[in-house]
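User: I would like to learn how to read a few local features in a model of this kind. Could you take me through them one at a time?
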Amino acid sequence: MNDWIAPLLALMSACIAGFAVVSFFSPGPRPISRILVPLLALVPLVTSITALGMVILYGSQTLALPLHDLTGFSLRLDYISTLLFVLISFVGAIVLNYARTYLDGESHQGTFLAWMSLTLGAVILLVLSNNLLLLVLAWIATSLFLHQLLLFYPGRPGARRAAHKKFLFARLGDVALIGGSTCLFIATGTTDITGVNLAARAGDGGAWFTAAAILIAVAAMLKSAQFPFHGWLVEVMEAPTPVSALLHAGVINAGGFLLIRFSEVIITAPGVLAVLVLAGGFTALFASMVMLTQPAVKTSLAWSTIAQMGFMILQCGLALFPLALLHIIAHSLYKAHAFLSSGSAVDKVAKTRRPGPVAIPDVSAIARSFLVAIAIYVMIGASFGFEHKSVQAIALGAILIFGVAYLVAQGFADKAPRALTTYTILFSVGAAISYFFLQRGIEILLKADLPATPEPGPLEWAIIILALCSFGLTAFAQASFPLWSSHPAFAGLRVHLANGFYVNALTDRLLTSKVTSSSPTLPQAQT
């Protein structure tokens, strides 16, 4: 396997480095990188598909990098890393080609493409790393390269402020990850991530593993823009659309990947799992409600990303790591498409003149929709066999079906066309079948790489019940949003929701550092 993959990885690295160098030396519009973009997009994609194929045929492998005896640097090729490798390469190819035409004519197009290629290379190195030091370096490099992209328009005060805030939170995350990695090294005496996870599975390490789990969870939550550190993700909309697509479809998932990669460590600390459920669940509920009040498409998508990241953190807290990985893949594909097509979506809505729901259901229709959605979920789940599912997975499926009930409610509205009613019920059936099918498939695929979900104790049962009640009430509020949002009694609440209850403004006040006009590192682009 090494005979095939090692040369391909070397070629991929050379292509990314060479493309970046060429782009930096031809920063103007229509650079030579315009010709090299398709090649840069193709080589990592072919390499990633080949790596995944080799893992399917020969199983997981570890590749030693040059100077391995001195540094210990190695790459891990398993289903976790190669699936994400394919995802990053695929999304990166689309975003790079989109940016090639989107920024055509910009005075620093080549520089932009160079930083974007380096960011993609750092993210790929992050997911493939099998060494604690190499992972930390890739984690930091990803953030620093992305910082350059966020400052592509340095003349905009909003862009500088958002980049500065993101920079501060990222450095806090770096410190947490460095501290967690240090604890793991002290506990195990090795920097090999595979060895660390094996030691955690064996129960070695004691309190050092608990400390590492806490610090890794902190780093993951900071990276994933969890409440109350979420404001920067909404503000970075000042950056060009390709940056938003790359950030929301790729880089933001690094926190979830970190929890998945160190799942054996995280699962040794039940208290950390509980905190992840509470923090992720609250972030998901909070952001999903704020999202409903946003008038701008990109801002609404940003709040959607915060909610999705919260839900992913919740999945990790429930020890459903295979489903968290599946969520990363699905969310990345959806969010890349959503950002890159946001302009055409606005034009389509403007032409049809029909924003918002097709039909507005009353309370009775919403209640019936929830009953129908739950009944469908129970019937489909029984056909697949609930006995093979953990309590956490069954509860997560119920939460997901609450979201489907929103669409079913529109079908049950009095003024809804009959075709819509049929469509929403079929969609609910398809969603339930897809959930159980994909859940079973990803669990089988990752059985050897990830720990099994433990049986819930009293604390876990209390958190599961709390999550079910909270998400159920929030889904009901979302489905009935057109009914109560325009009521005078809720006018003030709508304003507060639209402003995210001013948490971001409070965060700005607490940050004593100020953004100066001397901070940009990229020349100002022509607008």
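User: Where does P228 lie?

Analyst: P228 lies in the loop between α9 and α10 (231-235), where helices are DSSP runs of H or I with at least four residues, strands are runs of E with at least two, and both are numbered from the N terminus. The peptide bond that joins F227 and P228 is cis, with omega about 5°. This is a predicted model, in which local features need pLDDT of at least 70 and side-chain atom pairs count only at pLDDT 80 or more, while totals for chains, interfaces and linings use all residues. Residues are numbered from 1 along each chain as its sequence is written, and side-chain values use heavy atoms, with hydrogens and water left out.

User: What is the phi of A225, and is A225 buried or exposed?

Analyst: A225, found in the loop between α9 and α10, has a positive phi near 60° although this residue is not glycine. Its relative accessible area is 0%, so A225 is buried (buried means under 20% relative accessible area, exposed over 50%, partly exposed in between, with a 1.4 Å probe and protein chains only).
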